[in-house]
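Subject: Structure handover, side-chain contacts

Hello,

Here is the structure for your set-up. My notes on charged and aromatic side chains follow below it.

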Amino acid sequence: MKKIFTSKIGGVPTHKPEKFPIHLEDEEYGFVMQIYCDKEKFPNIEGVLGWQIYQDVNEEDIPIIIEVPIGAELNSNNEGTPINRLKERIIYYEEGLEPDVLEIGLGIYSDEEEDRYFSSKIGGAIPEDYMSPDFEYIGRMYESIYDADDYGLNFGIEVLNLARNHKGEMELI
């Protein structure tokens with residue numbers, strides 16, 4: 001059987017989490033996206049197949065993140081609750097070079113560099129003091145990751161940061 005490891009937005013998750021998250025009393029959270037943890041992009045992440053991000057299906061609350069362990073069951077029955085507004089879309093990655101620390105200010109970078117440095121990404125540079133030293137920066141996603149009319153995300157904040165806390169657990173901040 002072919003293994004499927006696709007980072008994507010929309011639809012339902014490719015692998016089942018240990019338990020689908022429940023919002024409020026008995027309503028499942030809607031599936032927003034999944035990011036797979038391959039060793040090339042995440043060499044320091046152990047025992048994790050990927051992360052899945054869920055949100056209230058009405059997109060009224062801040063999203064939550066769930067770690068999916070290596071060995072998780074393939075979601076062959078298409079379980080989970082999609083957010084119907086989000087069209088299913090594969091996340092593609094591009095490699096690029098960045099400065100060690102990003103500076104903030106007008107005119108520091110060209111428009112092209114600014115678009116690249118301050119966009120959705122895994123890894124890369126961030127401005128000094130951008131994140132508490134209590135967290136290890138993993139990446140960030142902007143609501144405008146794709147054309148807002150067709151694929152726009154709605155986190156309730158402009159940018160959603162992926163970080164690990166001192167216990168090694170993923171958090172969205």
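Start with the charges: Lys16, Glu73 and Glu79 are linked in a network of salt bridges. A salt bridge here is a side-chain nitrogen of Lys or Arg within 4 Å of a carboxyl oxygen of Asp or Glu.

Before the rest, the ground rules. This is a predicted model, residues are numbered from 1 along each chain as its sequence is written, local features need pLDDT of at least 70, and side-chain atom pairs count only at pLDDT 80 or more. Totals for chains, interfaces and linings use all residues, while side-chain values use heavy atoms, with hydrogens and water left out.

Salt bridges

The structure holds eight of them. In one, lysine 16 pairs with glutamate 73, with the closest N and O atoms 3.3 Å apart. That pair links distant parts of the chain, 57 residues apart. Lysine 16 sits in the loop between β1 (8–9) and β2 (22–23), and glutamate 73 in the loop between β6 (64–69) and β7 (81–82). Strands are DSSP runs (E, at least two residues), numbered from the N terminus. Lysine 16 is buried, at 14% relative accessible area. Buried means under 20%, exposed over 50%, partly exposed in between (1.4 Å probe, protein chains only).

Aspartate 38 and lysine 41 also form a salt bridge, 2.5 Å from N to O. Aspartate 38 is partly exposed at 30%, and lysine 41 is partly exposed at 31%. Glutamate 46 bridges to lysine 39 at 3.3 Å, N to O. Glutamate 46 is exposed at 60%; lysine 39 is partly exposed at 45%.

Lysine 41 has a further contact. Its charged end sits over the ring of tyrosine 93, 4.3 Å from the ring centre. The criterion is NZ of Lys or CZ of Arg within 6 Å of the ring centre and within 35 degrees of the ring normal.

Aromatic pairs

Rings of Phe, Tyr and Trp (its six-membered ring) pair if their centres lie within 6.5 Å; planes under 30 degrees apart are stacked, over 60 edge-to-face, the rest tilted. The count is four pairs. Phenylalanine 31 and tyrosine 54 are edge-to-face, 5.7 Å centre to centre, with 70° between the planes. Phenylalanine 31 lies in β4 (residues 30–36) and tyrosine 54 in β5 (residues 48–55), so the pair ties together parts 23 residues apart in sequence. Both residues are buried.

Tyrosine 109 and phenylalanine 118 are tilted, because their planes meet at 55°, with centres 6.4 Å apart. Tyrosine 109 is buried at 12%, whereas phenylalanine 118 is partly exposed at 26%. Tyr109, Tyr117 and Phe118 form one aromatic cluster.

Best regards

Definitions and conventions:
Helices (H or I, at least four residues) and strands (E, at least two) are DSSP runs, numbered from the N terminus.
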